[in-house]
Amino acid sequence: MWTGTDTRLVVTAVAVVALVIVLITSRLRLHAFPALMVGSLVLGLVAGLGPSGTVESFTDGVGGTLGDVGVVLGLGTMLGKLLADSGGADLLADTLLRRSGHRMLPWAVALLAMVLGIPLFFEIGVVLVLPIVFTVAMRLDRERGHEHGRDEQGRSTILRVGIPALAGLSVLHAFIPPHPGPLVAVDALQADLGQTLLIGIVLAIPTVAVAGPLFAHYASRWAHAEPPVALLSSGAASGDRPSSGVDAPGTPEHPPPGLGATLTTILLPVVLMLVRTVADIALPDDSPARPVAEFVGEPIVALLLALLLATWTFGFRRGLSGAEVTSLATAGLVPAASIFVIIGAGGGFKQVLVDSGIGDSLAKAATGAGIPVLVLAWTVAVLIRLATGSATVATVTAAGIVAPVLAAEPGVSPVLAALAIGAGSVFFSHVNDAGFWLVREYFGMSVRDTFRTWSVMETIVSVVGLLAVLAASLVV
């Protein structure tokens, strides 16, 4: 039953989220890190966690988030910096431009992100794909003579190709095993893993098309992005933002790597994680190869191995000294420092929201509404996502709530229910989501423009995903 406590928690959450946004976007222009801390502490105290409980909840959230994302981000930014400065990103950009053409480039980038996104967690996909995307955008600007990073129609080139990449990664994260959310939903709802994978891929295609290239065509007109120079190739690091192009890295003493070496390095973590997934499915529990596959397929291990390979393919093999390779890799960590603390604070804010019980209150409201099971599954996930900022928390909670309801409705497909939950779990990312700050910092956007691009894109993914699930329910 809904109680006065539930009302107080929901009202408090809404007010605190508004407070964080005002602190960051008003004339105060408070940095996101202390703004999120203020919001977390106010929320915990008002919600009844107590002083020590509030601080403990916040620090647990910071530690948990940085434990999951921080190592990935550190390894990924170092790998991305070596990729960019070696000229490998330029090679990939040239290949994409040559094979796809200018008009089809957003679609090619979306396809690339979907392929890489099958085994990769969202954060890993971001740090691996975006350096390539940014280089593609700069190369396109230079070839077409665009000024200030905008084409003849006033569209931001970085957003025109960056949003499709984000859409491809986000949709795969929401729909497709072996990502943690879909796996949890499959297990809780006793859905068939193979069917979920197959149907999820089919539904992902139109969802990525709408939320990616089609949305980017319009969103790139009304937002502005300036990625940090240190995340980009060395040709852009002369002091100016890379809005009109970049010289290709590489000198006679240090020629760029070949396309084969570049692809091998960048795809190594993808292959290792895919091997782990196949081993989990195909190998028996007592197989001696299974623990090896599970170890090398761990995200941080796979990225570490790729970084070690990159020191050879992007460094020593090109004639760089150990000191030069270390200097380049370290330079990649400089812009990541700000991202680390903001993402950590976002994780702390999320944890305070979870521990306060706001997600449970919203789940009560959804289950008492008497709506169809698939829409209910999506709605519960949406409400918990809005409250906690975590797609995984939304998926786990929604799956637990929907499971007994689904058992009483034998005519509803568990596979489609799992996909509906996945679609709801990514609805409208905002300030309590670490992904919001990751995207904002990587693209160098204002909070306002991050809402108008990333948050709207996530909402489109969620809504189109639900519509695709409902359409599939007519034939499945």
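Where is R150 found? R150 sits in the loop between α5 (122–144) and α6 (157–175). Here helices (H or I, at least four residues) and strands (E, at least two) are DSSP runs, numbered from the N terminus.

Before going on, please note that this is a predicted model, in which local features need pLDDT of at least 70 and side-chain atom pairs count only at pLDDT 80 or more, while totals for chains, interfaces and linings use all residues. Residues are numbered from 1 along each chain as its sequence is written, and side-chain values use heavy atoms, with hydrogens and water left out.

- R150 counts as partly exposed, because its relative accessibility is 22%; buried means under 20% relative accessible area, exposed over 50%, and partly exposed in between (1.4 Å probe, protein chains only).
- Leaving aside neighbours within four places in sequence, R150 is in contact (heavy atoms within 4.5 Å) with R155, S156, T157, S220, R221, A223 and H224.
- R150 and R160 are ten residues apart along the chain, and their C-alpha atoms are separated by 9.5 Å.

**Helix α19 against α17**

- Helix α17 (residues 414–424) packs with helix α19 (residues 447–472) at an angle of about 165 degrees, and their axes are 8 Å apart. Axes are lines fitted to C-alpha atoms, for helices over the stretch in contact, and angles run from 0 to 180 degrees between N-to-C directions.
- That angle makes α17 roughly antiparallel to α19; angles under 35 degrees count as roughly parallel, over 145 as roughly antiparallel, 65 to 115 as roughly perpendicular and the rest as oblique.
- The crossing of α17 past α19 is left-handed. A crossing is left-handed if the near helix is turned anticlockwise from the far one by less than a right angle, and right-handed if clockwise.
- On the α17 side, L416, L419, A420, A423 and G424 meet S462, G465, L466, V469 and A472 of α19.
- Sorted by class, this contact of α17 with α19 has seven nonpolar, three polar and no charged residues. Ala, Val, Leu, Ile, Met, Phe, Trp, Tyr, Cys and Pro count as nonpolar, Asp, Glu, Lys and Arg as charged, and the others, Gly among them, as polar.

**Helix α19 against α8**

- Helix α8 (residues 193–222) and α19 pack at about 150 degrees, with their axes 9 Å apart.
- That makes α8 roughly antiparallel to α19, and the crossing of α8 and α19 is right-handed.
- From α8, the contact draws on L203, P206, T207, V210, A211, F215, A219 and W222. From α19, the residues include D449, R452, T453, V456, M457, I460, V461 and V464.
- By class, the contact of α8 with α19 has 15 nonpolar, three polar and two charged residues.

**F175 in helix α6**

- F175 is found in helix α6 and counts as buried, because its relative accessible area is 1%.
- Not counting residues up to four places away in sequence, F175 touches P182, T196, G200, L203, A204, T207, L419, G422, A423 and G465.
- The C-alpha atoms of F175 and A418 are separated by 8.3 Å, although these residues are 243 apart along the chain.

**Aromatic pairs**

- Rings of Phe, Tyr and Trp (its six-membered ring) pair if their centres lie within 6.5 Å; planes under 30 degrees apart count as stacked, over 60 as edge-to-face and the rest as tilted. By this rule the count comes to seven aromatic pairs.
- One of them is the edge-to-face pair of F436 and W437, at 5.0 Å centre to centre with 80 degrees between the planes.
- F436 is buried, with a relative accessible area of 0%, and W437 is buried at 0% relative accessibility.
- F436 also forms a tilted pair with F451, at 5.0 Å centre to centre with 50 degrees between the planes.
- Because F436 lies in helix α18 (residues 434–443) and F451 in helix α19, this pair ties together parts that are 15 residues apart in sequence.
- Ring pairs link F428, F436, W437 and F451 into a cluster.

**Positive phi angles**

- Most residues other than glycine have a negative phi.
- F428, in the loop between α17 and α18, has a positive phi of about 40 degrees although it is not a glycine. F428 is partly exposed, with a relative accessible area of 28%.
- Q190, in the loop between α7 (180–189) and α8, has a positive phi near 55 degrees. Q190 counts as exposed, because its relative accessibility is 72%.
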